[in-house]
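The following note sets out several points for a reader who is new to examining protein structures. Please keep the sequence and the structure in view while reading.

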Amino acid sequence: MAIIERVEICMVDLKPKVRRTDAIQSFDSQETPILRITDRDGAVGTGYTYTIGQGGPAVMSLLKETLVPRLIGQEAEDIERIWRELLFSTHATAVGAITSLALASVDTALWDLRCRRAGLPLYRILGGSKNNIPVYTTEGGWLHIDSKDLVADALEAQAKGFAGSKVKIGRPHLSEDRERLSAVRDAVGPSYEIMVDANQSFTLAEATRRARMLETLDIAWFEEPMPADDVLEHARLAASTSVPIAVGESMYSLSQFKDYLVSGGASIVQVDVARIGGITPWMKVAHMAEAFNVPVCPHFLMELHASLVCAIPNAPWLEYIPQLDTITKTGLRIENGRAWPSDEPGLGIDWDWDAINATKVGALDFSTS
């Protein structure tokens, strides 16, 4: 039996290598709680979660005070039971970002442990639909970047074999967004995909107006055009435009995705494994989307999502934003514009514990002894 005997938690603060801006925020740091579970046989599973600059200490506090003490003595193979018990132990704070992010660190560690005990990589233990995935890049499309540099980044990605780039929109006037996107489209040609992301910045009227402009440029999808909790307005927008509407990175429960899918407000589901609360609920969302014939194109966390999108049949893309370079020994394998999940047992993340231990804060250790 895989009885949990020890749980360690710490946090590192990762600074992005490039400036990241969108229509509502600037992404200057990434607080990254990391959790390790050791079972009675000495097997270890590692999980993690993240915030964009704020909230890391709150996640750590919820882990320390509420979630981690409940793990000691549990059977680690009972992942579904543990996830549900932890969710309901925090029912007064769920559904919400802090709770979901904390749950994700536990759940991903349990899946890593299961895979390591079984001697299988995550993408195979979850289904093994494929062993590679096309990649599109977001890293050179931030809102502050001018048209010339947007074009240069897209052309560089295209030369590397990438088949798409995401460009942030939400400049003060539609004409500014049109100019930036038109420059990229003229440079890369008609067969290269351009995705756009408004980061929840528009009203329905303005989103409808900009969607008409996006149709003329053959845009692959229009991401988070309005506040993510407004299902009805997304459904109205989706019904009014030929541009696919992508949502999901700012949603934290299975029920929220269900409402979007039933209403027709989501043409593409962008479920984030940390923000949904871990691999366990992520797979539920992915299979639900498959039932609606809707693709899954997850947000961020490419090092972990590479395995998840290769586990399911309805995932056409992986988003390229490097996240863990400074605390891993080997990065995600990307060749000719395609990502390949690791065949090593576990999540496929090669942690650099020397680097983590040199920069970690708030380390805590729970055990049966």
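**Notes on the predicted model**

1. Ser 89 counts as partly exposed, since its relative accessibility is 25%. The structure discussed here is a predicted model. Ser 89 is placed in helix α2. When neighbours within four places in sequence are left aside, Ser 89 is in contact with Thr 66, Leu 67 and Arg 70.

2. The next point concerns the packing of helices. Two packed helices are described by the angle between their axes and by the distance between those axes. Helix α2 (residues 79-89) packs with helix α10 (residues 279-291) at an angle of about 100°, and the axes are 10 Å apart. Angles of 65 to 115 degrees count as roughly perpendicular, and α2 and α10 are therefore roughly perpendicular to each other.

3. Which residues of α2 and α10 meet? From α2 come Ile 79, Glu 80 and Trp 83, and from α10 come Thr 280, Pro 281 and Lys 284. The residues of this contact comprise three nonpolar, one polar and two charged.

4. In soluble globular proteins, nonpolar side chains tend to be buried together. In this model the largest nonpolar core has 114 residues, and the members that touch the most others are Phe 222, Ile 279 and Trp 282. Helix α3 (residues 97-118) gives the most to this core, contributing 10 residues. Apart from this core lies another, of eight residues, including Tyr 136, Trp 221, Ala 246 and Trp 317.

5. How many disulfides does the structure hold? The number is zero. A disulfide is a covalent bond between the sulfur atoms of two cysteines. For Cys 310, the closest cysteine sulfur is in Cys 297, at 13 Å, which is too far for a bond; the cut-off for a disulfide is within 2.5 Å.

6. Are Cys 310 and Cys 10 buried or exposed? Cys 310 is buried, with a relative accessible area of 0%. Cys 10 likewise counts as buried, at 6% relative accessibility. Both values may be read against the cut-off for buried, which is under 20%.

How values were computed. Residues are numbered from 1 along each chain as its sequence is written. This is a predicted model: local features need pLDDT of at least 70, side-chain atom pairs count only at pLDDT 80 or more; totals for chains, interfaces and linings use all residues. Side-chain values use heavy atoms; hydrogens and water are left out. Axes are lines fitted to C-alpha atoms, for helices over the stretch in contact, and angles run from 0 to 180 degrees between N-to-C directions. Helices (H or I, at least four residues) and strands (E, at least two) are DSSP runs, numbered from the N terminus. Angles under 35 degrees count as roughly parallel, over 145 as roughly antiparallel, 65 to 115 as roughly perpendicular and the rest as oblique. Contact means heavy atoms within 4.5 Å. Ala, Val, Leu, Ile, Met, Phe, Trp, Tyr, Cys and Pro count as nonpolar, Asp, Glu, Lys and Arg as charged, and the others, Gly among them, as polar. A nonpolar core is a set of buried Ala, Val, Leu, Ile, Met, Phe, Trp, Tyr and Cys residues joined through side-chain atoms within 4.5 Å. Buried means under 20% relative accessible area, exposed over 50%, partly exposed in between (1.4 Å probe, protein chains only).
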